[in-house]
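Reader: I am new to this structure. Can you show me how to read it, feature by feature?

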Amino acid sequence: MFAFCSAAWVFFRAQTLGDAVYVLAHLFDGIGQPLNYVHNRMPLGKIDLLTYLPMLAVLFIYDCFDREGDAIEKLGQKGKVLQWAVWLAVGLCTLIYSQKGVAAEFVYFQF
């Protein structure tokens with residue numbers, strides 16, 4: 001269902017039918033070489049990658065705890081200090097990794 005919905009969005013957002021067909025036809029170009037694909041599509045420097053590693057570590061740790069049961073429920077059973085520390089860390093990561101100074105118009109104003 002997700003794949004169908006995603007493909008439908010391509011047609012919905014494309015300027016022409018030809019553009020939508022082009023996007024779907026070239027969707028997986030370069031996937032055979034994942035490192036080149038990532039480097040060409042997301043040209044990140046070493047500093048950029050180092051800033052994302054802590055957030056990836058947080059996601060990995062959350063995934064490990066969530067495999068054993070509901071991680072958020074487990075956090076609720078811990079002390080208030082730990083709960084606040086986790087939620088402040090999540091908020092801080094959101095602020096650090098969010099785009100700043102980028103004017104974004106509400107998507108439906110484009111129609």
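Reader: Which residues does Gln83 touch, not counting residues up to four places away in sequence?

Author: This is a predicted model. Contact means heavy atoms within 4.5 Å. With residues up to four places away in sequence left out, Gln83 touches Leu75, Gly76 and Lys78.

Reader: Where is Gln83 found?

Author: Gln83 is in helix 6.

Reader: Why does Gln83 count as buried?

Author: Buried means under 20% relative accessible area. Gln83 counts as buried because its relative accessibility is 14%.

Reader: Now the largest pocket. Which residues are the closest to its centre?

Author: Start with the space: the largest pocket holds about 490 Å³. It is lined by 17 residues, and the closest to its centre are Tyr62, Phe65, Ala71, Leu75 and Val86.

Reader: Which elements give two or more residues to that lining?

Author: They are helix 4 (46-67), helix 5 (71-77) and helix 6 (80-97).

Reader: How many of the lining residues are nonpolar, polar or charged?

Author: By class, the lining of the largest pocket has 15 nonpolar and 2 charged residues, with no polar ones.

Reader: Last, cysteines. How many disulfides does a search of the whole structure find?

Author: A disulfide is a pair of cysteine sulfur atoms within 2.5 Å. The search of the whole structure finds 0.

Reader: Why does Cys5 count as partly exposed?

Author: Partly exposed lies between the 20% limit for buried and the 50% limit for exposed. Cys5 has 37% relative accessibility, so it counts as partly exposed. Cys64 has a relative accessible area of 33%, so Cys64 is partly exposed.

Technical notes: Residues numbered from 1 in each chain as written. Predicted model: local features only at pLDDT ≥ 70, side-chain atom pairs only at ≥ 80, totals over all residues. Heavy atoms only, no water. 1 Å grid on protein atoms, 1.4 Å probe; cavity = no way out; pocket = protein on both sides within 12 Å on 5 of 7 lines; lining within 4 Å. Points joined across faces, edges and corners; volume = space filled by probe spheres on them. Helix = DSSP H or I, 4+ residues; strand = E, 2+ residues; numbered from the N terminus. Nonpolar A, V, L, I, M, F, W, Y, C, P; charged D, E, K, R; others polar. Buried < 20%, exposed > 50% of the residue type's maximum accessible area, 1.4 Å probe, protein only.
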